[in-house]
Amino acid sequence: MLRSILSCNHRCCPRQTHLKAYFSSTALTANDKPPSKHNDKINYNPDISFSTTVDPKHLKYPMLSSHDLESHRKPPTRVRMLVRDFIEDSLYNPHYGYFSKRATIFTAPPHCGGVEGGFDFNKYRDSAEFEVDVAKRYGEFGNGEEDGPGRQLWHTPTELFKPWYGQAIAQCLVSEYLLKYFPYEDFKVYELGAGNGTLALNILDFLKTHYPDVYDRTQYTIIEISEKLSRAQRHRLHQQGHSQVVDVVNQSVFQWQRKEHAPCYVVAAEVVDNFAHDVVRYDLKTLEAYQGVVAVDEVGDFVPFYTKISDPLIASYLALRRRLSLPIPLPRFLRSPTLRKLYASLPFAPNLSPPDYIPTRLLSLLKILRTHFPRHRLLLSDFSSLPDAVPGLNAPVVQTRVGTTMIPCGTIFVQQGWFDIMFPTDFTALREMYEFLLSQAGPDADEQDELSYARVSPLASSTSPLSLGADFFSSRARRSPLDGVTSASGLPVGERKSSVFSHAEYLETYADLEKTRLVNGENPMIGFYENVKVLF
């Protein structure tokens, strides 16, 4: 993030609901009766004074998903939903979602001395002078909305360093394609969430100029959830002469049904940070996991509470995490029974562990890639860490732009549609899960087995019937070959396994860094995004 322009002011969020958080030991449906007084209740709340019971009317609210809420034209009341559905509805609801209605993507000015409208980096003395120019460009966007905090403006490396950042991704993809598939297969690219269409435009322009033979065999598909952005992408790319090779599909990738049998590349650049997460907390006595649910009452206030794990996707993630022996999601002092007992005996101590934000929607994407893109290669770039996050493990930054200042908030439960909610990505865990899922040819594990396995203490042994394949942790750098798929030599050779690179390592390999080097030798394309990593 730009240091001077996007530095966060540590003030309170202007719209922060007074929260009451409850726990219920049983998962109830809309028709269930409220629990009797003897049922176990656990409350996790930072306030000293709080109620230990759930208002029965909140448990009677219907349980909805973000898909159910797509037809709502304003934020709902008198409903319950999982935390991931609340986040997804806040960001992507077609009528009031942050990205659907509020967010504006920063872009370099069309004429500022650079190539194709980008900044002319070679003219700046140092990064300070460059940041001043970017700040001026931010100011040109204005405050925008008068009925809310202000214009919700955000940027990506693709926009800030166009066209050079996009050309680096193009060089990466085309190098692998030329080595493995040209001229026997078409060059098929699927981009998830293309924003203004800048990355697609930079890639296609680069191919058309430097690799015309590859461009003639290119099929570039954009999968875009936003109707407004999909129209803009289609118009821009057609206007720039790429209509014959581009297909823009206005659809959520989580609803994708078409199967791509040919080799292809899937690009997710700065996309998964806005994928919805679930919240899990652990009972400090038993270490049983509980899923986060939020009720929205009649006046729109939020009432979070926790129930036993019942959601299949949450159970699948927790079971997979334990299966792979990934780091235990508990602070070190809570891993010791003695320290845990001592901690729980302290005055006003919570009886649930700190929130653990788990990337359940990212897991959904990995399963979709395995099922519908069996011969894909994934290029995914995003933030590996973020400042000013809300409390918790793998917690997000929740922020809104007020005037020209980005204001971080202390909770995820904020007015739907007005706040960006972005998560860091644990690339080590992502790679382990991704490679393991691709190694599994059969169907997913039985849902009941995963539910049972997910409820076990994370400190217990990971031995289970849901065991890893015998050769999953072998030293081989390649995946097992797909049935019926051979290499150009006619031999069944599996795909090279993915690797994780720092942003600098990736760009030093594929980018023309002289194009973004400043007079004093600094290179902002590398220096401004030290908290970004790349999976490829």
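Reader: Which residues lie nearest the centre of the second largest pocket?
Author: This is a predicted model, in which local features need pLDDT of at least 70 and side-chain atom pairs count only at pLDDT 80 or more, while totals for chains, interfaces and linings use all residues. Residues are numbered from 1 along each chain as its sequence is written, and side-chain values use heavy atoms, with hydrogens and water left out. The pocket (an open set of points on a 1 Å grid over the protein atoms alone, with protein on both sides within 12 Å along at least five of seven lines) has 46 lining residues (an atom within 4 Å of a point), and those nearest its centre are Tyr92, Phe99, Glu224, Ile225 and Ser226.

Reader: How many residues of each class line the second largest pocket?
Author: Several elements give two or more residues to this lining, among them helix 2, helix 3 (98–102), strand 6 (218–224) and helix 9 (227–239). Helices (H or I, at least four residues) and strands (E, at least two) are DSSP runs numbered from the N terminus. Counting Asp, Glu, Lys and Arg as charged, Ala, Val, Leu, Ile, Met, Phe, Trp, Tyr, Cys and Pro as nonpolar and the others, Gly among them, as polar, the lining has 18 nonpolar, 17 polar and 11 charged residues.

Reader: How many of the residues of helix 2 are buried?
Author: Helix 2, which spans residues 83–92, is mostly covered, and its buried residues (under 20% relative accessible area with a 1.4 Å probe, protein chains only) include the charged Arg84, Asp85, Glu88 and Asp89. Tyr92 is also in the list of buried residues of helix 2, and this residue is one of those nearest the centre of the second largest pocket. The count of buried residues in helix 2 is 10 of 10.

Reader: Why is strand 11 described as largely enclosed, and which residue in it is the bridge partner of Tyr290?
Author: Strand 11 (residues 302–308) has 6 of its 7 residues buried, so it is largely enclosed by the rest of the structure. Strand 10 (residues 289–296) pairs with strand 11 (at least two DSSP bridges) in the antiparallel sense over 7 bridges. In strand 11, the partner of Tyr290 is Lys308.

How values were computed. Buried < 20%, exposed > 50% of the residue type's maximum accessible area, 1.4 Å probe, protein only. 1 Å grid on protein atoms, 1.4 Å probe; cavity = no way out; pocket = protein on both sides within 12 Å on 5 of 7 lines; lining within 4 Å.
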